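Okay, thanks for coming, everyone. Let me put the structure up, and then we can go through charged pairs, the core and confidence.

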Amino acid sequence: MAVTTSKSINEPTTNAELESQLKKAKTAFDSEKVVKVKIPEVLKSSLGATLLVGVNGVFVNIPVDGNDYPLPETFAKHVDQTLKNLK
């Protein structure tokens, strides 16, 4: 992953470089343990119809409908933290 420094901010990044970084992140997430995540439907009034979770430029929309959805462990941890912060 790219580290933000003044040098990296001032130098232009090509689309090919950005796509390469996203592919590396996707590969890392694909190799992670998969965890089932469930967001209770009663939270729809607080969160909306879906919860958008992003990690290192990779985003996932999780429906707020009470069903189980398989996610890489990193995303599941972010969802858990979001739900804990609501209480």
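Aspartate 68 comes out as partly exposed, because its relative accessibility is 43%; for cut-offs, buried is under 20% relative accessible area, exposed is over 50%, and partly exposed is in between, with a 1.4 Å probe and protein chains only. What does aspartate 68 form a salt bridge with? Its partner is lysine 38, and the closest N and O atoms are 4.0 Å apart. By salt bridge I mean a side-chain nitrogen of Lys or Arg within 4 Å of a carboxyl oxygen of Asp or Glu. Aspartate 68 sits in strand β4 (residues 68–72) and lysine 38 in strand β1, so this pair ties together parts that are 30 residues apart in sequence. Helices here are DSSP runs of H or I, at least four residues, and strands are runs of E, at least two, numbered from the N terminus. Lysine 38 is also partly exposed, at 47%.

Before I go on, a word on the model. It's a predicted one, so local features need pLDDT of at least 70 and side-chain atom pairs count only at pLDDT 80 or more, while totals for chains, interfaces and linings use all residues. Numbering runs from 1 along each chain as its sequence is written, and side-chain values use heavy atoms, with hydrogens and water left out.

Back to the charges: how many salt bridges does the rule give? Three. Another one joins aspartate 30 and lysine 26, at 2.8 Å from N to O. Both of those lie in helix α2, four residues apart, about one turn of the helix. Aspartate 30 is exposed at 53%, and lysine 26 is partly exposed at 48%. Then there's glutamate 41 with lysine 44, at 3.9 Å.

Now the inside. The largest nonpolar core has 15 residues, and Ile39, Phe75 and Val79 have the most contacts inside it. A core here is a set of buried Ala, Val, Leu, Ile, Met, Phe, Trp, Tyr and Cys residues joined through side-chain atoms within 4.5 Å. Helices α2 and α4 and strands β2 and β3 each supply at least two of its residues, and α4 gives the most, with four. Setting aside neighbours within four places in sequence, valine 79 is in contact (heavy atoms within 4.5 Å) with Val37, Ile39, Leu51, Val53, Ile62 and Leu71.

Last, confidence. pLDDT is the predictor's per-residue confidence, from 0 to 100. The chain averages 86, and 85% of the residues score at least 70. Strand β1 is highest at 95, and helix α1 (residues 6–10) is lowest, at a mean of 61.
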